[in-house]
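User: I would like to learn how to read side-chain contacts in a model. Please take the charged pairs and then the aromatic ones.

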Amino acid sequence: MGTQIALWNQVYIRIVDIRHTRMSQGDALRSYLLPSSAFIYVIRGSAKVSLDGKPARAERFNVLHGGKGLCLDIEAEERFEYGLILYQALLPIKSRQELIERLERDNPFRLQYAFAPTYPLSLYGLVEAMTAGWSKGGSLEVLRVRTTFYQFVQELLAQMEEQGVRPVKPDLTEQAARYLRERYREPITLASLAAALDCNPRQLLRAFKSRQRTSPIDYLIRIRLDRAKELLLDTDFTLREIAEAVGYSDSYYFSRMFKKIEGVAPTVFQERERRQANGRHNPSLPSTYPIAAKLRRRYIYNDHDNHSQYTGGKTSVMHKRFRTSMAAAMLLSFLVLASACGTAGNANSIASGEAATPSSSQASAAAASPTQAEAEAPRVVKHAMGEITLTGTPKRVVILTNEGTEALLALGVKPAGAVSSWVGDPWYDFIKDDMQDVTVVGDELQPNLELIAGLKPDLIVGNKARQEKIYEQLSQIAPTVFSEDLGGDWKTNFKLYSEAVDKQAEGEQALAAYDRRISDIKAKLGDKTATQVSVARFSASQVRIYQKLSFSGAILNDLGFARPASQDKDSSIEVMSKETIPSMDGDVLFYFVTRVAGKTDADQVVKEWMDDPLFQNLNVAKANKVVEVDEAIWNSSGGIEAANLLLDELVNYFGIE
């Protein structure tokens, strides 16, 4: 106890929050991770309590304590009322090394205990005073609360010493493992995990490896991939959805990590396991590779993957340069052959001695005007994968990004095939009327090569960030142009698409009209651009804020809007935890929700976050300036049509029509 008291005398205390909570009989708090060290003072009633899985009882006037990261469970046996005092203990910046080492060995702010004070009313009065002062707010009241907190701690330690109470040190390894199991969907590093548990990263790594025989991050990866395998086998989620569900915002990185650990890419694993499972129940299993618009998405993105065939439970590897399936390879060969036969028709006639007559198309070409000849002149297009020479205006274009689909429609080009919209069945509401009879060729992350080849396109337009790994296969089908990136850079991509489809003049006119609209709206906004606009996204797996290089961020930047400091950065997104909720604040918060049809888990996340006291304390929440917007418009579509619709929404919100 002497060491504890000595350390209490050396630290600076910051009160994080004070809460007064009432629970009815049967109510339960499950797996709540303390965001800081905390005291719980039971005011009335009784409950079953668990501290990091260790059962205890909480009755009237009992005091409980735990450190940051402790997993707290409460189940009320009757009406239960308690005060929660969250605090942070900070050592002075220039602390002696001896003091730092002592804190690592015997940290009283992480100890766990539950006891019944001998003189509870003296503590109760101090708890009541702190609760009342905290609810009033103001600098003077906060100072008064901190002073009262020290009195509470002094009285508590005196009674604990008198009773001979022996606090329990938390099991750091078990706390870390529990944290990783329950929060694997969140972005976690060794440093952030150590911060969540209020310990030194080296200390955590040492303890974890000693017990688990692996590092915390490798343990986390194993949890994520095990969950990913379950989702691959038990659901029809896309790779993007599965990656986000297990904590990876980048589906390509997820695929690489999966293959590194499991030896095969996610889609290969999925097909293999499902084929084997079906084979056990159906000896006459039909082909798993139908060529159909609703084909299960199955393509992977590693350059030289070896596909495996399974016969009698054994694996025989076929080394292939490209990763198309056998069906795709055969279809590609057939199409190339058919094309060659078609173009060689006249030569064959001459060779057989038949009289050769010019075709109608040849006659038209011979009579073409100079203007037509100029239109047919070769042009060199520079794109993300190099340079390509194109001739004339393509008639059958396949587009592999959502923003590219919008670009083609704005240029008056209806694609022969396009990847599905992220939201909609299969198109966004605002383009579906223009996309009648357009063939769906997969989604941005997994285009269907068989379907693309079957459409016989004369141009394919894609994106390096999305489809770099299948560029060679696409180029075998038709001339292929790739933009570099997605997000805020939509205007650069729009110019490239205009050039690729030979619609530069139309593209320049569309961008000029958009720029004029930006200038007009900006002028009408006037000093309203000083409004700090915050943008956030909620999904079942994570919460994000959006910064200046995102799609919405670029538009807000064009209009000159102020952004909160957390979002006024030359980045795209930042993944949030509840402790960083204050970063979402501003003068107005526009948020969108990524929902999956038939599920409500994303809406539950919205409610949970918005009910959190930290969110309730935001200026936007107090001022009722939290506005839900359409995800398709503000985020996932990312093209010129969505940009104009986003401007419509801002015009409407700020009342400047």
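User: Which residue forms a salt bridge with Glu-444, and how far apart are the closest N and O atoms?

Analyst: Side chains of opposite charge can pair when their charged atoms come close. In this predicted model, the partner of Glu-444 is Arg-466, and their closest N and O atoms are 2.6 Å apart.

User: How many salt bridges does a search of the whole structure find?

Analyst: The search finds 32 salt bridges. One of them joins the side chains of Glu-244 and Arg-544, at 3.4 Å from N to O. Glu-244 belongs to helix α9 (residues 239-245) and Arg-544 to strand β20 (residues 543-546), so this pair ties together parts that are 300 residues apart in sequence. Glu-244 is buried at 9% relative accessibility, and Arg-544 is buried with a relative accessible area of 8%.

User: What is the case for Asp-568 and Lys-548?

Analyst: These two residues also form a salt bridge, with 3.6 Å between the closest N and O atoms. Asp-568 lies in the loop between α22 (551-559) and β21 (573-575), and Lys-548 in the loop between β20 and α22; the pair therefore ties together parts that are 20 residues apart in sequence. Asp-568 counts as partly exposed at 44% relative accessibility, and Lys-548 counts as partly exposed at 22%.

User: Now the rings. How many aromatic pairs are there?

Analyst: A pair of aromatic rings is described by the distance of the centres and the angle of the planes. With centres required to lie within 6.5 Å, the count comes to 28 aromatic pairs. Take Trp-8 and Phe-149: the ring centres are 6.3 Å apart and the planes are at 45°, so the pair is tilted. Trp-8 is in helix α1 (residues 2-8) and Phe-149 in helix α4 (residues 139-163), so the contact ties together parts that are 141 residues apart in sequence. Trp-8 is buried at a relative accessible area of 8%, and Phe-149 is buried at 0%.

User: Where do Phe-538 and Trp-609 lie, and what angle is there between the planes?

Analyst: Phe-538 lies in strand β19 (residues 533-538) and Trp-609 in helix α23 (residues 601-610), so their pairing ties together parts that are 71 residues apart in sequence. The planes are at 80°, with 6.3 Å centre to centre, and the pair is edge-to-face. Both Phe-538 and Trp-609 are buried.

User: Which residues do ring pairs link into a cluster?

Analyst: The cluster consists of Trp-8, Phe-39, Tyr-87, Phe-109, Phe-149, Tyr-150 and Phe-152.

User: Which rings have the charged end of Arg-224 or Arg-240 over them?

Analyst: The charged end of Arg-224 is over the ring of Tyr-248, at 4.9 Å from the ring centre. For Arg-240, the ring is that of Trp-422, and the charged end is 4.1 Å from its centre.

Definitions and conventions: Residues are numbered from 1 along each chain as its sequence is written. This is a predicted model: local features need pLDDT of at least 70, side-chain atom pairs count only at pLDDT 80 or more; totals for chains, interfaces and linings use all residues. Side-chain values use heavy atoms; hydrogens and water are left out. Rings of Phe, Tyr and Trp (its six-membered ring) pair if their centres lie within 6.5 Å; planes under 30 degrees apart count as stacked, over 60 as edge-to-face and the rest as tilted. Helices (H or I, at least four residues) and strands (E, at least two) are DSSP runs, numbered from the N terminus. Buried means under 20% relative accessible area, exposed over 50%, partly exposed in between (1.4 Å probe, protein chains only). A charge sits over a ring if NZ of Lys or CZ of Arg is within 6 Å of the ring centre and within 35 degrees of the ring normal. A salt bridge is a side-chain nitrogen of Lys or Arg within 4 Å of a carboxyl oxygen of Asp or Glu.
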